[in-house]
Amino acid sequence: MNNLRLILAITIMSFVTLIADGQIRQLTVADSLTRTPLSNASVFNNKGIFIGTSRKNGKITCATFSDFPITVRYMGYHERTIAHYSPDSILLVETMTELPEIVVDARQKKMLHILAYVREYSSLSSYTDTITMFREKMVDFMLPTEKKTRFKGWRYPRTLNSRSYYRFTNVSGLDSVSDRCNHHFTWSDWIGMIPPAHIPDNILKTGINVDTTYGKYSPAEIWTRTGDRLSIDIDVLADTANRKWVPNISYFFRKEDTDFERFGLKLNYEYFSDNEINPLGLTGYSFTIESRGRGRGMFLFNRHDQPFFVTTYAEVYILDKEFIPVKEAREWDDFKFYNNAVDILEPQEAPELSLSTLTLIDRVNNIDADRVRLTIKPDERLVGRNVSKQNFSIGHRALGLLKQLTGITFYKSHKNVNDSWNEFRDKQKKQNLKRRSE
């Protein structure tokens, strides 16, 4: 009897160590060769929804038993799908990325043109509504190689072709899909090309494979070197100096209506020159951003007094690079790209899409747009012009001109907008109070 009690106590203690509030505490993501824990590895549940990242020590604390099978992704490694929980480490195998050789001719070619493939998972959610999105697109960057060049190109990703797939859900049971959405809520357009940076002396001089720089409370940058290849894990929130990696998005750190809860950046380089890394050696990067707000209120998306939360996980694969003259770069800038003008090229090292993502794509592609359009009742006000002639007197015309000159017309329209907004806000407040009481 005592032995039975002892076994039962040990089983309960083991179960408690595995689970706390339904969360698994002992899964660890690590490199298959070095057994080094991998931080900021992205975790997706069995529905293909991004649920979080691994911690600094490689531990996964964001997954529950109901999330299995889970998929773990880490830029520069083959992804792994874990069907059932196991206390063993999740070992990821590194991938080898080879880009076409670049011929450098410094006499004429002063611009670096980069072509990339982007795969993105984002969500916008409030307490009642959720929009999840999968998007893949082709983008390019144009970077000057000399500071004196008048034409500065662009560091933001310019979209050449894009395909988006949305799913809308709420507490009332809504589950619909579409290829378009009225809200632009992702962060991927704000993460531009990574600027050059100095490599830590420890990595260069002593040949140490791993070097870590610390922020105020946690590691800010983890540099890992394998031969000529470099990878960098960056916690942008660990130190204000880390905002140098994402200069295009630094504006949002100063806004009161945006609060970043997590901001991780992973960079991969196939080679480096002298003592710095630059876009020429970049093979790809990924980032994870979790925020409350997105820079401005999403009008009519959520209830007036409810916050909304945005999560973006994206992978950027560099497909090709070339040096071109400034004249050709200007022609690229002037060319207007229309949707589907450029094919979407998926790199070989990109992992296969999950079944849930493929299901979403299939649902969107099978929407009968013509049937949806025909089921919409036309607005009878738009049938015919329904215009009647009116003979204005000279006095009416003069009065209209006077209103325009004095700004009265503008003031009146501005007042009408404010009145409409106040009316909508009061109505939403009443509805929220009614829901809470129910």
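Predicted model: local features only at pLDDT ≥ 70, side-chain atom pairs only at ≥ 80, totals over all residues.
In the hairpin formed by β16 and β17, where 2 residues lie between the strands, Gly227 adopts a positive phi near 65 degrees. On the β17 side, β16 pairs with strand β17 (residues 229-235) in the antiparallel sense over 6 bridges. Here the bridge partner of Glu221 is Ile234 in β17.

These strands are part of an open sheet of 10 strands, in the order β13-β12-β11-β10-β21-β20-β18-β17-β16-β15, with antiparallel pairing. Its edge strands are β13 (175-178) and β15 (210-214), each of which pairs on one side only. From one strand to the next, the twist averages 15 degrees. In general, the strands of a sheet pair through backbone hydrogen bonds, in either a parallel or an antiparallel manner.

Val139 stands opposite Thr159 in β12. Helix α4 (residues 355-365) packs on the sheet and touches β10, β11, β12 and β13, while its direction makes about 85 degrees with that of β12. Helix α3 (residues 326-334) lies across β10 (111-125), β11, β12 and β21 (309-324), and it runs at about 140 degrees to β21.

A further open sheet has 4 strands in the order β5-β4-β7-β8, again with antiparallel pairing. Strands β5 (50-53) and β8 (80-82) stand at its edges with a single partner strand each, so one side of each is left without a neighbour in the sheet. Neighbouring strands of this sheet are turned against each other by 25 degrees on average, direction ignored. The pairing of β5 is with strand β4 (residues 42-44), through 3 bridges and in the antiparallel sense. Phe44 has Phe50 in β5 as its bridge partner.

One backbone feature remains to be described. Phe68 and Pro69 are joined by a cis peptide bond, with omega of about -5 degrees. Pro69 is located in the loop between β6 (59-60) and β7 (70-73), and β7 is one of the strands of the sheet of 4.

Definitions and conventions:
Residues numbered from 1 in each chain as written. Heavy atoms only, no water. Pairing = 2+ DSSP bridges. Axes fitted to C-alpha atoms, helices over the stretch in contact; angles between N-to-C directions. Contact = heavy atoms within 4.5 Å.
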